[in-house]
Amino acid sequence: MNLILIGAQGSGKGTQAQRLMELLNLKPCASGDLLRKAVADGTPLGQAARPYMDRGDLVPDDLIIAMILEDIAKMNGSKGIILDGFPRNVAQARALDERFAERRQAIDWAVYLDVPRAALLDRLSGRYICQADGHVYNLKTNPPRVRGRCDVDGSPLVQRGDDTPEKIAHRLDIFFTETIRLTDYYAVQGKLLRVDGMGAVDQVTRAILDGVNAAPFDRAVG
Ligand code: AP5
């Protein structure tokens, strides 16, 4: 199964991707995580992408498409892929469709996590991620067991540099003018699954699994 998660910043794409990749044995492909690693490693891609990310703008299509297609090429050994943060516009979606067609595969579902804009700022201002692997927490809704430490690997929790109120507002503007058009793109293909992203994290996971017709959730959480 090949899934795309579409959603505004703070809608829970990263949170759900971490759960679904384990439940469905999917290879994760998170554009933001790959870009942040490229920046941290000081690669040519990271150096080129950094100014766009610092402003909260989209990284140019040629850079991001090349990076994602290269990552997808490594997807052997999993049942499929879960894309978090890519595509973000129709040009990126077309490039993805073409690559999957070349591989004689297809995107099965584009899951849209629907969260009203008013709730997003609140979520993002409480978000902390772990330095080692990007595990996501929220001070109000999903706090770590030990303050300031990741439950999974114990590494320090930090706030992202683009989670300031001004940059969040700018990123949301881009989402609600440009990326939201992907819902029409995938609806026309009969692949859009709209999920209410305002429920608790478990409820959202269950709704996605129900929608894509998979059933490992009860077994996984007992
Ligand atoms: P990226 O890292 O993808 O960031 P983003 O799109 O801004 O998305 P977020 O990570 O902010 O939100 P999320 O939906 O993953 O929320 P999360 O699960 O953490 O991209 C960063 C930058 O890279 C972009 O700005 C751009 O410059 C560049 N880029 C990336 N992809 C690109 C592309 N395709 N093209 C061009 N440029 C690209 O959840 C948020 C918070 O809410 C957390 O604290 C979480 O605990 C909490 N939460 C989650 N679910 C729930 C729930 N159900 N109830 C209550 N709280 C919840």
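Lys27 is buried, with a relative accessible area of 17%. Buried here means under 20% relative accessible area, exposed over 50%, and partly exposed in between (1.4 Å probe, protein chains only). Lys27 belongs to strand β2. Strands (E, at least two residues) and helices (H or I, at least four) are DSSP runs, numbered from the N terminus. The side chains of Lys27 and Asp71 are joined by a polar contact of 2.9 Å. A polar contact is a pair of N or O atoms within 3.5 Å; within protein, one must be able to donate a hydrogen and the other to accept it, and residues adjacent in sequence count only if both atoms are side-chain atoms.

This is a predicted model: local features need pLDDT of at least 70, side-chain atom pairs count only at pLDDT 80 or more, and totals for chains, interfaces and linings use all residues. Residues are numbered from 1 along each chain as its sequence is written, and side-chain values use heavy atoms, leaving out hydrogens and water.

Next, helix α2 (residues 31-41). Its buried residues include Ser31, Gly32, Leu35 and Ala38. They share one side of α2 because they cover an arc of only 125° around the axis. That arc is taken from the directions from the helix axis to the C-beta atoms. The face turned away from this buried side carries exposed Lys37 and Ala40. Over the buried residues of α2 lie, among others, β2 (26-30), α3 (44-55), α4 and β3 (80-84). Just after α2, Gly42 takes a positive phi of about 70°.

In total, 35 residues surround the ligand, and the closest are Thr15, Asp57, Arg88, Arg127 and Arg171. A residue is near a molecule if one of its heavy atoms lies within 4 Å of it. A polar side-chain atom of Arg88 is 2.6 Å from a ligand oxygen atom. A polar backbone atom of Lys13 lies 2.9 Å from an oxygen atom of the ligand. For a backbone N or O atom of Ser11, the distance to a ligand oxygen atom is 3.4 Å. Taken alone, the ligand exposes 1000 Å², and the protein buries 96% of that. Such areas come from the Shrake-Rupley method with a 1.4 Å probe; for residues, only the protein chains shown count as cover.

Now the nonpolar interior. In soluble globular proteins, nonpolar side chains tend to be buried together. A nonpolar core is a set of buried Ala, Val, Leu, Ile, Met, Phe, Trp, Tyr and Cys residues joined through side-chain atoms within 4.5 Å. The largest one has 36 residues; Ile4, Ile6, Ile68, Ile72, Leu83, Leu96 and Tyr186 touch the most other members. Helix α4 (residues 61-72) gives the largest share, six residues. Apart from this core lies another, of 16 residues, including Leu24, Leu26, Ile82 and Val212.

Ile208 lies in helix α9. Its relative accessible area is 0%. Contact means heavy atoms within 4.5 Å. Beyond residues up to four places away in sequence, Ile208 touches Gln16, Leu20, Val111, Leu113, Leu193 and Val195. His135 sits in the loop between β5 (127-130) and β6. His135 is buried, at 14% relative accessible area.
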